[in-house]
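Work through the exercises below with the sequence and the 3D structure in view. Try each task before reading its solution.

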Amino acid sequence: MTAIWAGLDAGKTHHHCVVIDESGKRLLSRRVANEETELLKLLTDVLGLGDEATWGIDLADGGAALVIAVLLNHGQPLLYIPGRTVNRASEGYRGDGKTDAKDAAIIADQARIRRDLAPLRPTDELVAELKVLTRRRRDLSDDRTRTINRLRGHLTEIFPGLERELDLTNVGPLVLLSGYQTPAAIRRAGTRRLTTWLRNRKVVRPELLAAKAVQAAEGQHTALPGEQMTAQVVHSIAKEVTALNEKIAETDKLIEGRFRQHRHAEVIASMPGIGPLLGAEFLAATGGDLSTFDSADRLAGFAPAARDSGKVSGNLHRPTRYNRRVQRVFYTSALISIRCCDESRRFYDRKRAEGKRHSQAVMALARRRVNVLWALLRDGRCYQPTPPVTHAA
């Protein structure tokens, strides 16, 4: 049986494929368009070179989505080799230049000699939808942050006192800026009229917001250059932030609906600090299939790694290769669980008493929570707090 290895240097419009045999000899080197017909021709040609083919690729999504689907649908074993790994490995190969053909050859050779590469598997439709929705939510959230920053910048140009008083991540201040942007306009409205205006628009605690706005307006009687045009821009941007908030709320409902349909949803949501959004992020980051990971350590990937040399020992550092989305899920959920879970709070306090900084204690808690969730998913049971120990009288 002849074994061959095919490396794919993936791109948006084209991929480059290099096929090698057991000795590392190149059997094929071809640039192929990112189209199904061309990819199927490549698959046929590669399978004609040997009895057993193993594929390697340096992208797991994006422009490589089509070729991954084609290979997996035809039962081809496919290994994921991160671009960082390819870049580091290139230093051990001949030549200083970098070409798509060289990268594809390195990918093929790494797939041939390494035994620690993660296989890519067909994605569940529900998990695929969660990936799309969580990515969409991140984009909307980033857009909202940028838009709020622009809003703050323009408001500071004409009314810095009001900008200091308002928390623009809340709905009420956005409603206020959609109607009133300048000190003179707020002074003319007055506290009573402004309170009524805000109350009619369902703002929570309108009297407090109106009082803050009028107080800020009383502190500035100078009209700045370009005030009216800037006020129109502030009005427009406030509407944009409100629209983004509505889109995020709609996306959150879609995410929660899809998440609740997953077979692991009940187990994941039983963990303190993990709700539908973080749970969906976890499923999107891991693919919802823990059989891909050999252990909880492999799932976590962000535990401190040793960097010892000679007489120096115990030197730990953050690893450069880890799933940052998984880390974000567990770190964020650890922060939440400190406030809502007694066990998490005790663990955090114990780490702080040992002399660890806040971030170190939270990271230690996040790492412990990986082990807990791993065990829960492995056993198919929901989280239950440890019952208190009762001492005999």
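**Exercise 1: His74**

His74 sits in the loop between helix 2 and strand 5 (78–80). Helices (H or I, at least four residues) and strands (E, at least two) are DSSP runs, numbered from the N terminus. This is a predicted model, in which local features need pLDDT of at least 70 and side-chain atom pairs count only at pLDDT 80 or more, while totals for chains, interfaces and linings use all residues. Residues are numbered from 1 along each chain as its sequence is written, and side-chain values use heavy atoms, with hydrogens and water left out.

Task: decide whether His74 is buried, partly exposed or exposed, and find what His74 is in contact with, leaving aside its neighbours within four places in sequence.

Solution.
- Step 1. Buried means under 20% relative accessible area, exposed over 50%, and partly exposed in between (1.4 Å probe, protein chains only). His74 has 46% relative accessibility, so it counts as partly exposed.
- Step 2. Contact means heavy atoms within 4.5 Å. With neighbours within four places in sequence set aside, His74 is in contact with Leu40 and Leu43.
- Step 3. Leu40 is 34 residues from His74 in sequence, and their C-alpha atoms are 9.7 Å apart in space.

**Exercise 2: Helix 1 and helix 2**

Task: describe how helix 1 and helix 2 pack, giving the angle and the distance between their axes.

Solution.
- Step 1. Two packed helices are described by the angle between their axes and the distance between the axes.
- Step 2. Axes are lines fitted to C-alpha atoms, for helices over the stretch in contact, and angles run from 0 to 180 degrees between N-to-C directions. For helix 1 (residues 36–47) and helix 2 (residues 65–73) the angle is about 45° and the axes are 10 Å apart.
- Step 3. Angles under 35 degrees count as roughly parallel, over 145 as roughly antiparallel, 65 to 115 as roughly perpendicular and the rest as oblique. Helix 1 and helix 2 are therefore oblique to each other.
- Step 4. On the helix 1 side, the contact is made by Glu36, Leu39, Leu40 and Leu43; on the helix 2 side, by Leu66, Val67, Val70 and Leu71.
- Step 5. Sorted by class, this contact of helix 1 with helix 2 has seven nonpolar, no polar and one charged residues. In this sorting, Ala, Val, Leu, Ile, Met, Phe, Trp, Tyr, Cys and Pro count as nonpolar, Asp, Glu, Lys and Arg as charged, and the others, Gly among them, as polar.

**Exercise 3: Helix 7**

Task: which residues of helix 7 are buried, and what covers them?

Solution.
- Step 1. The buried residues are Gly172, Pro173, Leu174, Val175, Leu176, Leu177 and Ser178.
- Step 2. Seven of the nine residues of helix 7 (residues 171–179) are buried, so this helix is largely enclosed by the rest of the structure.
- Step 3. The cover over these buried residues includes helix 5 (125–158), helix 6 (160–165), helix 8 (183–200), helix 9 (206–218) and helix 10 (227–261).

**Exercise 4: Two residues with positive phi**

Task: state where Lys202 and Arg205 lie, and give their phi angles.

Solution.
- Step 1. Lys202 is in the loop between helix 8 and helix 9, and Arg205 is in the loop between helix 8 and helix 9.
- Step 2. Lys202 is not a glycine, yet has a positive phi of about 65°. Arg205, not a glycine either, has a positive phi of about 50°.
- Step 3. Lys202 counts as exposed at 74% relative accessibility, and Arg205 counts as exposed at 54%.

**Exercise 5: Salt bridges**

Task: how many salt bridges does a search of the whole structure find? Then examine the pairs Arg114 with Asp116, Glu256 with Arg260 and Lys351 with Glu354.

Solution.
- Step 1. A salt bridge is a side-chain nitrogen of Lys or Arg within 4 Å of a carboxyl oxygen of Asp or Glu. The search finds 17 salt bridges.
- Step 2. In the salt bridge of Arg114 with Asp116, the closest N and O atoms are 2.8 Å apart. Arg114 is partly exposed at 21%, and Asp116 is partly exposed at 41%.
- Step 3. Glu256 and Arg260 form a salt bridge whose closest N and O atoms are 3.6 Å apart. Both residues lie in helix 10, four residues apart, about one turn of the helix.
- Step 4. Lys351 forms a salt bridge with Glu354, with the closest N and O atoms 3.6 Å apart. Lys351 counts as buried at 17% relative accessibility, whereas Glu354 counts as partly exposed at 48%.
- Step 5. Salt bridges also link Arg138, Glu281 and Arg325 in a network.
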